[in-house]
Amino acid sequence: MQVSSLNEVKVYSLSCGKSLPEWLSDRKKRALQKKDVDVRRRIELIQDFEMPTVCTTIKVSKDGQYILATVVTFETLSDDYSKIVFLHNDRYIEFHSQSGFYYKTRIPKFGRDFSYHYPSCDLYFVGASSEVYRLNLEQGRYLNPLQTDAAENNVCDINSVHGLFATGTIEGRVECWDPRTRGRVGLLDCALSSVTADSEINSLPTISALKFNGALTMAVGTSTGQVLLYDLRSDKPLLVKDHQYGLPIKSVHFQDSLDLILSADSRIIKMWNKNSGKIFTSLEPEHDINDVCLYPNSGMLLTANETPKMGIYYIPVLGPAPRWCSFLDNLTEELEENPESTVYDDYKFVTKKDLENLGLTHLIGSPFLRAYMHGFFMDIRLYHKVKLMVNPFAYEEYRKDKIRQKIEETRAQRVQLKKLPKVNKELALKLIEEEEEKQKSTWKKKVKSLPNILTDDRFKVMFENPDFQVDEESEEFRLLNPLVSKISEKRKKKLRLLEQQELREKEEEEEPEGKPSDAESSESSDDEKDWVEEVRKQRRLLHQEEKMKRQEQLREDQQTVLKPQFYEIKAGEEFRSFKDSAAKQKLLNKTLEDRLKLEAKNGTLSVSDTTVGSKQLTFTLKRSEQQKKQQEAEKLHRQERKTLRRSAGHLKSRHRRGRPFH
């Protein structure tokens, strides 16, 4: 027995190990068991579990009591072996009962796979033809075949829930048919979906495996080593897994209790989660694989190999041992004391890109590379040999890397440098110190921590854009931060030390001698006396600076030679005096309220209340000089006309006697 472990999942191989010839005596067998560990650990779970020839299909009956293996394929129509249908490689179909051979018939073309539709008792055969042959077992005759669009069909399966029939073609498509209407209801182009960015395809992928699970899930295996998981409601795969060997997928099965999918090619068996695609475990048998079968309701796995000998594997995580070998559960606990796990210490993990750089892509699929996860394992000696041939200076690079690692280890023993931004370095250093004090304080556990400004994207520009640089010489900053001068001096000194240390590290490879850090001031920044004194000191300094600025401005004014300035009057305006213009400018500088009060005082504006409770504003427009002249001229004209006007009273008619003249 051999025990392997991957991802903490133990796999017990019950069919590997040295076998003893039958002609050996019991005494000789006992002697060999004492000497040879492999012989002593060997468990012959099923005696003579070999077939006369190589088998391509292996299955377990529904009741779990019988294991069957054939050359092409077969199907059990009952729970046991009493009703079996065999498909041979010479186009013949044989029906066997519990007593043996029952009936034989033949299909028109060579068959490759078939499925049984229980509701209608129809057998669906696919093979080297575009037609799907139907044989009704109740009527005992062939029915009209289903005509597909494919040249040939490789595999088929029938959904046990709703009876949907699916067939995989050599063109890389899956056709779905409804047995009730005998019409095609869907078409999936799996060849196109199987090609991903990382996959390398040299030929057209064909469908090599097909399996339904439940009403809506279907797994498809291709001839290029990909497994596609579909939801029948979508034409896009949910997951695409690559076996990395480029070999056809032989078999696909579902393990419902752990939501696993088991897929196998001729080199490896992989079990992965159908929801996340994460590898659960993998298994590489001794011989090439033809087919894989899960024992019902247990953790046992059976394989049909390229040799007559069958493979038996037990994975306790998948389920318990079958009833007929329940002793395996206790036996595996004893074997865990001295496990023989597969160790990859002598192997090097490489990706496809590494193989391209080394020029070893032609070894994919050969025994020199073992597919694992997203890459391969290869012999460490072969890797170093090829690496030396490709890159003769690899040792020098390795030596430099080791020296760099040693230097980094010694640097880690010192106080780590703080990466400060280019703008507002002192503010960033202050925030870092405050954050360190918060982490050291005991009340951090009780108080909810606030977000750090340095890591907040909203304040990112403040440490990148020079326009946001804090001006520490401004009056506002010095009055609002009276004690910042003392603390900033210490922080500036610390900042200079950090910059000098960072500069030395860039220039030198060795560690510079450390310097003792400055002792922190024991005085509290909240001391009221110190705060008042510092405020007074800052105010005195500000007054002195302001006085010096005024004196300097006065000296500049005295040195300045005044020159006459001339102003041009706009057309249509008269120059009266500078006094009027100054009064006008002064009036314009006043607020609207003051101007309204002045207008009301001069009588040009009046404000009164109306009957409805609102305000009424009455004002007199200001006349221009030209309007005033025109009004004066009109007034003089009216006065002249008054003086020159003669009375017309004497022209009044007198009343005459007699008839009026007509």
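Modeller: Here is a walk through the charged pairs. Keep in mind that the model is predicted.

Across the whole structure, a search finds 12 salt bridges. Start with Lys59 and Glu75. Their closest N and O atoms are 3.3 Å apart. Lys59 sits in strand S3 (residues 57–60) and Glu75 in strand S5 (residues 73–76), so this pair ties together parts 16 residues apart in sequence. Lys59 is partly exposed, because its relative accessibility is 27%, which falls between the 20% and 50% cut-offs.

Next come Lys104 and Glu94. Their side chains meet in a salt bridge at 3.7 Å, N to O. This pair also links distant parts of the chain: Lys104 belongs to strand S8 (residues 100–106), Glu94 to strand S7 (residues 92–97), and they are 10 residues apart. Are the two partners buried or exposed? Lys104 is partly exposed, at 38% relative accessible area. Glu94 is buried, at 14% relative accessibility, because buried means under 20%.

Now a pair within one helix. Arg404 forms a salt bridge with Asp401, with 2.9 Å between the closest N and O atoms. Both lie in helix H7 (residues 394–412); they are three residues apart, so about one helical turn separates them. Arg404 is partly exposed, with a relative accessible area of 46%. Asp401 is partly exposed too, with 36%.

Notes: Residues numbered from 1 in each chain as written. Predicted model: local features only at pLDDT ≥ 70, side-chain atom pairs only at ≥ 80, totals over all residues. Heavy atoms only, no water. Salt bridge = Lys/Arg side-chain N within 4 Å of Asp/Glu carboxyl O. Helix = DSSP H or I, 4+ residues; strand = E, 2+ residues; numbered from the N terminus. Buried < 20%, exposed > 50% of the residue type's maximum accessible area, 1.4 Å probe, protein only.
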